[in-house]
Amino acid sequence: MNPDFGGSQFQIANLIRALGKPFTIVALFAIATAGLMREEQGDGSVLFNISRNLGGSVGTSLLSTLSTQREQFHDVRIGERVTGYIKYVQDFLNVQAAENLRRTGDSVAAMQQAYKALQSLVQKSSFHRVQ
């Protein structure tokens, strides 16, 4: 997977998840309310749904935090290796600055845009490493 993946690549996975989710939720709900008396099953259902929502929120938050931290880690690690002393980086900046200069006519702004393009590539690559 990389940042260029989109909707059609996820259709099969989403279909499998959509077909499997009812079987999982119904089974978990039955287990959660199995030992309860009839008048207590409503309370058991509420507790089950609260736990499910809270668990989903915590899981989503943890996954988001870990993903962000790993992306930042890879961004720093890749950025350490992308220096102005590397010929490929110099060539990239020169080509980007020349293209930007043709469009803007301002050499300072053209070089700033070239550095932004380089940073964008580093970020994209670091996000790809997290996936």
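Which residues form a nonpolar patch on the surface, and about how much accessible area do they have together? Leu54, Val58 and Leu62 form this patch, with about 290 Å² of accessible area together. The legends below describe a predicted model, in which local features need pLDDT of at least 70, side-chain atom pairs count only at pLDDT 80 or more, and totals for chains, interfaces and linings use all residues. Residues are numbered from 1 along each chain as its sequence is written, and side-chain values use heavy atoms, with hydrogens and water left out.

**View A. Nonpolar surface patch with Leu54, Val58 and Leu62.** Patches are made of residues with over 30% relative accessible area and no salt bridge; like charges are joined within 9 Å, and nonpolar side chains (Val, Leu, Ile, Met, Phe, Trp, Tyr) within 5 Å. Areas come from the Shrake-Rupley method with a 1.4 Å probe, and for residues only the protein chains shown count as cover. Leucine 54 belongs to helix H2 (residues 41–81); helices (H or I, at least four residues) and strands (E, at least two) are DSSP runs, numbered from the N terminus. Leucine 54 counts as exposed because its relative accessibility is 56%, where buried means under 20% relative accessible area, exposed over 50%, and partly exposed in between (1.4 Å probe, protein chains only).

**View B. The largest nonpolar core.** Six residues make up this core: Val89, Phe92, Leu93, Ala97, Ala114 and Leu118. Helix H3 (87–104) and helix H4 (107–130) each supply at least two of its residues, and H3 gives the largest share, four residues. A nonpolar core is a set of buried Ala, Val, Leu, Ile, Met, Phe, Trp, Tyr and Cys residues joined through side-chain atoms within 4.5 Å. Leaving aside residues up to four places away in sequence, phenylalanine 92 touches Ala114, Ala117, Leu118 and Leu121 (contact: heavy atoms within 4.5 Å).

**View C. An aromatic pair.** The count of such pairs comes to one. Phenylalanine 29 and phenylalanine 48 are arranged edge-to-face, 5.8 Å centre to centre and with 70° between the planes. Phenylalanine 29 lies in helix H1 (residues 7–33) and phenylalanine 48 in helix H2, so the pair ties together parts that are 19 residues apart in sequence. Rings of Phe, Tyr and Trp (its six-membered ring) pair if their centres lie within 6.5 Å; planes under 30 degrees apart count as stacked, over 60 as edge-to-face and the rest as tilted. Phenylalanine 29 is partly exposed at 31% relative accessible area, whereas phenylalanine 48 is buried at 14%.

**View D. Salt bridges.** A search of the whole structure finds two, a salt bridge being a side-chain nitrogen of Lys or Arg within 4 Å of a carboxyl oxygen of Asp or Glu. Arginine 77 pairs with glutamate 80, with the closest N and O atoms 3.4 Å apart. These two residues of helix H2 are separated by about one helical turn because they are three residues apart. Arginine 77 is partly exposed at 35%, as is glutamate 80 at 47%. Lysine 87 pairs with aspartate 91, and here the closest N and O atoms are 3.2 Å apart. Both lie in helix H3, four residues apart, about one turn of the helix. Lysine 87 is exposed at 57% relative accessibility, while aspartate 91 is partly exposed at 33%.

View E. Threonine 104 is partly exposed, with 39% relative accessibility. Not counting residues up to four places away in sequence, threonine 104 touches Ala110 and Gln113.
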